[in-house]
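This briefing covers side-chain pairs, grouped by topic. Please look over the sequence and the model before reading on.

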Amino acid sequence: MSRYSKGKKSDFLPLFSFILILKVFIKVLITMKLKIATTQNTTAYQWEIKEIWLPTEQGLLTVKQTNTPSVLKLIPGIVSFTDEKGSIQNISISKGIALISPNEINITVSTLTTSPLKKITELRNNQYLLELKLAKLKNSGDIESINMLIDQIEKVKADILLANS
């Protein structure tokens with residue numbers, strides 16, 4: 001016969017306490033803190049997440065909990081992540097940097113968008129105008145101006161992707 005089969009409710013207290021502590025410990029092990037800030041030193045968002053996909057020059061990088069600290073250069077694109085409830089969230093970013101440490105990811109970007117304020121037709125029109133400007137700059141502009149314009153175009157493209165998602 002089990003020692004708990006005829007026991008009092010208070011006999012189960014240590015077991016329930018252990019289960020609660022284990023649940024908290026597992027949650028800490030499988031989630032990371034995500035903080036996204038802009039270059040104006042304003043924290044835009046903070047979440048508890050399970051995993052994240054970051055746009056880098058090498059392609060889309062998936063980050064789950066890691067023990068290896070790293071620094072990533074981010075390109076304009078969509079940052080997607082799974083929040084602690086299992087929902088996938090998307091944010092359009094400009095170029096930036098991600099500092100990854102165990103249990104925490106800090107991202108700093110110039111600009112970010114959670115939902116585009118403009119309609120897709122306006123965004124596409126904006127992209128077209130920026131591409132025309134880029135074509136003119138390629139003939140007479142300096143490299144820094146061209147690179148800045150390319151980043152703007154990539155950010156608009158990311159906003160279009162976000163608007164379509």
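Lysine 157 and glutamate 154 are three residues apart in helix 3 (residues 143-164), so about one helical turn separates them. Their side chains meet in a salt bridge, with 3.6 Å from N to O. The model is a predicted one. The points below start with salt bridges, then turn to aromatic rings and to one threonine.

**Salt bridges**

- The structure has a count of five salt bridges, including the one between lysine 157 and glutamate 154.
- Lysine 157 is partly exposed at 33% relative accessibility, and glutamate 154 is partly exposed at 30%.
- Helix 3 also holds lysine 155 and aspartate 159, which are four residues apart and so separated by about one helical turn.
- The side chains of lysine 155 and aspartate 159 form a salt bridge of 2.7 Å, N to O.
- Lysine 155 counts as buried, because its relative accessibility of 9% falls under the 20% cut-off.
- Aspartate 159 is buried as well, with a relative accessible area of 11%.
- Another salt bridge joins glutamate 57 and lysine 73, whose closest N and O atoms are 3.1 Å apart.
- Glutamate 57 sits in the loop between strand 2 and strand 3 (59-63), and lysine 73 sits in strand 4 (residues 70-74), so this pair ties together parts that are 16 residues apart in sequence.
- Glutamate 57 is exposed at 52% relative accessibility, and lysine 73 is exposed at 53%.

**Aromatic rings**

- There are two aromatic pairs in the structure.
- One of them is the stacked pair of tyrosine 45 and tryptophan 47, with 5.0 Å centre to centre and 15° between the planes.
- Tyrosine 45 is partly exposed, with a relative accessible area of 29%, and tryptophan 47 is partly exposed with 24%.
- Tryptophan 47 also pairs with phenylalanine 81: the ring centres are 4.5 Å apart and the planes lie at 50°, so this pair is tilted.
- Tryptophan 47 belongs to strand 2 (residues 43-56) and phenylalanine 81 to strand 5 (residues 77-83), so the pair ties together parts 34 residues apart in sequence.
- Phenylalanine 81 is buried, with a relative accessible area of 0%.
- Through these ring pairs, Tyr45, Trp47 and Phe81 are linked into a cluster.

**Threonine 31**

- Threonine 31 is found in the loop between helix 1 (9-30) and strand 1 (32-38), and counts as buried at 8% relative accessibility.
- Neighbours within four places in sequence aside, threonine 31 contacts Glu48, Ile49, Gln65, Glu84 and Asn103.
- Threonine 31 and glutamate 48 are 17 residues apart in sequence, with their C-alpha atoms 6.1 Å apart in space.
- The side chains of threonine 31 and glutamate 48 are joined by a polar contact of 3.3 Å.

Note on methods:
Residues are numbered from 1 along each chain as its sequence is written. This is a predicted model: local features need pLDDT of at least 70, side-chain atom pairs count only at pLDDT 80 or more; totals for chains, interfaces and linings use all residues. Side-chain values use heavy atoms; hydrogens and water are left out. Rings of Phe, Tyr and Trp (its six-membered ring) pair if their centres lie within 6.5 Å; planes under 30 degrees apart count as stacked, over 60 as edge-to-face and the rest as tilted. Buried means under 20% relative accessible area, exposed over 50%, partly exposed in between (1.4 Å probe, protein chains only). Helices (H or I, at least four residues) and strands (E, at least two) are DSSP runs, numbered from the N terminus. Contact means heavy atoms within 4.5 Å. A polar contact is a pair of N or O atoms within 3.5 Å; within protein, one must be able to donate a hydrogen and the other to accept it, and residues adjacent in sequence count only if both atoms are side-chain atoms. A salt bridge is a side-chain nitrogen of Lys or Arg within 4 Å of a carboxyl oxygen of Asp or Glu.
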